[in-house]
Amino acid sequence: MPLDNTESQTRKFKVIGTRPIRPDGIDKVTGRARFGADAVAPGMLIGRVLRSPHAHARIKSIDYSKAMKLAGVKAVVTKDDFPDKTDGDAALYDVLYNVMAREKALYEGHAVAAVAATSAAIAKQALKLIKVDYEVLPHVTDVDEAMKPNAPVLHSKIFTDGVEPKPKKASNVVRRYEFGHGDVDAGFKRADIVIERHFRTEATHQGYIEPHACLANVGPDGQGELWVCTQGHFMVRDTCARLLGMDITKLRVTASEIGGGFGGKTTVFIEPVALALSRKANRPVKVVMSREEVFKATGPTSSSSIDVKIGCTKDGRIVAGDATLRYQGGAFPGSPVEFGAMTAFAQYDLENVRAVGYDVVANRPKQAAYRAPGAPMANFAVESVIEEMAHKVGMEPIDFRIKNAAREGTHSSYGPVYGPIGLLATLQKAREHPHFRAPLGKNQGRGMACGFWFNFGGQSCVTLNVGVDGTVGLVTGSPDIGGSRASMCLMAAEELGIPYDKVRSVVADTGSLGYNDVTDGSRTTFATGMACILAARDAIKKLCARAAQIWGIPEDAVVWENGHARPAGANAGNFEPMSLKEIAAQAPSTGGPIAGHHEYSADGAGVSFATHICDSEVDPETGFTKILRYTVLQDAGKAIHPSYVEGQFQGGAVQGIGWALNEEYIYGKDGRLQNAGFLDYRIPVCSDLPMIDTVILEIPNPGHPYGVRGVGETSIVPPLAAVANSVSAAVGVRMTETPISPPKLLKALESLGGMKKAAE
Amino acid sequence: MRYERPNTLQAASQLLAKEKGSAYVLAGGTDLLVRLRTGFVEPDLIVDIKRVAVTRTIAKGATGWKIGAAVTGAELGENAALKKAWPGVVEAANLIGSKQVQGRCTMTGNLCNASPAADSVPALVAAGAKAVIVGPKGRRTIPVEQVPVGPGKTSLKKGEIIESLLLPARPARSGDAYLRFIPRTEMDIAVVGVGVSLTLDAKGVVKDARVALGAVAPTVLLVPEAAKAIIGTKLDARAMDALAAACSAACKPIDDKRGTKDYRIKVAGVLAKRAARIALDRAKGSK
Amino acid sequence: MSAVTVNAKINGDPVEFVCEPDETLLDVLRNRLGMTGAKEGCSTGDCGACSVTIDGRLTCSCLVLGAEVEGLNIGTIEGMANGEKLHPLQKKFLEHAALQCGVCTPGFLVAAKSLLDHNPKPTETEVRFALAGNLCRCTGYDKIVRAVMDAAAEMRRA
């Protein structure tokens, strides 16, 4: 890759690191920005989905003849409209099955049919006229229960992978993973102190404020359009086309503005349904989920059950770490337990480490990615034990962590050897931070935790068009979920040497640009950003060529500096430097339009680490926990737009705080979700929180010309443990289950009181 | 579904009485619209009473306060005199939902929604509030605790509408308070709620008290044993413990998604003490 | 259903619309009047994304029937800027990067304006409680609170 990897260390930036207003800002503060549900089309129908009321049921028959007779109903679809075209691709078949139930409904909320009608009211009425004959089956929603030999089995085709010998009996355990190195048993023999604990985390939802929405318009010739809020419209296009047997390029998908995703909009739910309805009715069909549908039928994250055992010597050196993680990922394979096992010990420099993960299915909605998928649960377990161990050794938790922290050259717990990383820098900065020494009052405590996330590169494709007036149109295919347009413009402006406000970026539809991976894995600023830089460099080459042509000198005798082409040296000739604007103005007569382009699959993503400090106060009579102060210190590699980097730190931390304290999927004995709304699924509100302080560290990623690492996900990894550790410091009970809800905490406090009394 | 907006309560009452299908009164709508939207109710008729002048006014008379059925939480909070007389009631009403919900929600709606966890109801019951009901057979006035009879059910008969709520005039040396427990700081339904209203004699001894609990039984509970525990005391530690014990003993809660039985029983006592402390301070500060 | 004809004002402009009696004001704004600035995040009054004012009083438009607003004045996000001049809150939200995805932003702005109309000098705690009915899942609220306090300060100076 033509990158000068040391450049990020020495380069003086002009616009990178400034905080300009985002290009799409005005639209978003005036209500003009068009999100998923904001589109209309002539002759549009409204689509609604009928969902299973049962957690597990065989679908014996579906009769929709009465619904079709209702005036205004134009189409009904069931599994029969989704024949299996997945050609042996098991993961795609699972998507198909999740989109529309086939022989069985596997969770409450599983789609079983859908209608398109001339109004929402008629569509709603039509759903009531569809008769589904169910044979209700025993269900299981708990991960440990689902692993038991006598548990109801969801799929007859799952025989646990990764164990020897391979079982002959179907079960809910999809696969066993193992990561690590060294000899864990030998390590524990050397340990002076061993702590072993069991942890559980309940499932949480990404909780984006915008429900899934799309508007499909397909003709009988198989050509179509889809407007959709998604993190990846190219993924939506390819998946939908494959599921419905359409030609990929005949389906043009446009990404609307997206009202949050956090990983939850990286797959399809209603999109193939809307397309199938539209194709059948031969009219545009809009489908918008209700909030209840979002909770019941999209992809929350896994619940988990985790055992962690860590051993260390008297002087505070960890000699062995061992973890067993069990994640249920809903009704289909693919829980993020693999990432959980990989990340569990990633922040430590360990000689002997092992993490075993079990991917488990249960009668819950198919999980989807949620910000650093799989890592927060594993981190909660490990960082809780680390904190407890530090106390037992008699060290300050921060010193214990510094002593054992992963650093450059560490053989990571999941395999690779780390290059330059920022964990120690975040810890040292944490120790210097005023928060770290601030006084605490009664029933108040301070906890901390360190977290890790890989970050990701992937496919990006960018075109950069130079206008004759010297402005630049930047065309990317990565949905802008949190201000990335601004970062893209900053990077292009930096390369070209022109002001930020001369660059305008658009997120192009799938017909206008090559494939771009989903906006996930904290990849966009890194990978699409680097594509912007490389597209700008491509444009610069062409701009220099035009200048050479105008001057009548060889192309390689022209260099680009400060937004101008100028002769490379005295020998090249004596010409006044030409600005981008001047060259662009002559483009029509020097060979036509000037554009740069870059397409690639980026590697070299830089891992990122964070240290979080949390102060909380617990009301010992009610178990209420108030977060008093919270500080995030994270390595960004390079902060392109620091405000949006801080925003990622703060947003992730608060999602983690919600996960730690109050958010959870609550199931009844009937396997039905009891809190499918924002009233009882309690995401943090404004008055629950203090300001979230941030410290951005910049340890450059050698894989990016400016040193960018991803920043979006690491911030949700440490909060569960940081909060739990602070609660433990406040009132002396170690909470091993999330959410640390008031009833659970009060119960723990009472049993602690009982123990104290017994000891007296 | 029909929507009607009569100008008098008599007309509203007639519309409700005549309707053969299901009919609902609409004031603030913050509960009704949610039920409508989620398909929980499918009314044939909605009668909007907000254009009836009497439902929109707060009036102070010699015997006390009269609060119209459609007076919003925000309007209650802006009425300084009412807030001074019955701070616990106003605070409780102001705890319902967000600022947005406060712009619409009403205490009468909170009462008629008949949720055991309604925030304003324990405060109203503790305050000894009464409901003025208008119906086909004329007017009647009943204590507010007689309105809800079970979750989602009221004692109102077909065609009956609550016109207003009456709060007694405040005796000297009186104070009231309402506290609830929620896991967040806002936007939640009470896991436990406690309303306390008390009056002191000249020596600072509690001579009269009413204590009511929310979210610990199918309806809001008036707990005479809790009042008995503090009447005749200066709310010393022993009286406080007795109050807490009486409140906990009166609870008949369930385990649900919002809290456990044990938790509710325990926290009812904790909040009763805290609410009593606030009510006491207010009584001492009032003239 | 018997449709209802309603005359009201939206951002000062007279409007006449016909709606079904069970349609919410949010439905009317979005589907009948093409004003999609108010968003539907929950339809139960729990997220605040559909915030509007009615006769100056903040409310969730998902909790109001369209039929109810006869003769009333509705204020929406579309009426917040004065021509090309942004309201100080809109400006400060941009300067502070107080939005990431932006879907909650119209609701926050309407609610924040309502707060500042009633309380020009709110404390941080007052801002936080006044905005507790607006959910934001991206920002952790930090930059939103800062933007509101900064806008309030600027409006006091003006």
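This is a predicted model: local features need pLDDT of at least 70, side-chain atom pairs count only at pLDDT 80 or more; totals for chains, interfaces and linings use all residues.
Biologist: What makes strand 17 of chain A "mostly covered"?

Modeller: A residue is buried if 20 or more other C-beta atoms lie within 10 Å of its own. In strand 17 (residues 458-466) of chain A, seven of the nine residues are buried, so we call the strand mostly covered.

Biologist: How do you know that strand 17 of chain A pairs with strand 18 of chain A?

Modeller: Pairing takes at least two bridges. Strand 17 and strand 18 (residues 472-476) of chain A have four, in the antiparallel sense, so they count as a pair.

Biologist: Over to chain B. Why do we say that the buried residues of helix 10 line one face?

Modeller: Those residues are B:Met240, B:Leu243, B:Ala244, B:Ala246, B:Cys247 and B:Ala250. Seen down the axis of helix 10 of chain B, they fall within an arc of 165 degrees, so they line one face. On the other side, B:Ala237 and B:Arg238 are exposed.

Biologist: What covers the buried residues of helix 10 of chain B?

Modeller: The cover includes strands 12, 13 and 14 plus helices 9 and 11 of chain B.

Biologist: How many residues does each chain bring to the contact between A and B?

Modeller: Chain B gives 16 residues and chain A gives 16. On chain B's side, helix 11 (residues 261-285) supplies the largest share, four residues.

Conventions. Residues are numbered from 1 along each chain as its sequence is written. Chains are lettered from A and ligands numbered from 1 in the order in which they are written. Two residues are in contact if their C-beta atoms, placed from the backbone, lie within 7 Å. Helices (H or I, at least four residues) and strands (E, at least two) are DSSP runs, numbered from the N terminus. A residue is buried if 20 or more other C-beta atoms lie within 10 Å of its own, exposed if 12 or fewer, and partly exposed in between; C-beta atoms are placed from the backbone. The arc is that of the directions from the helix axis to the C-beta atoms.
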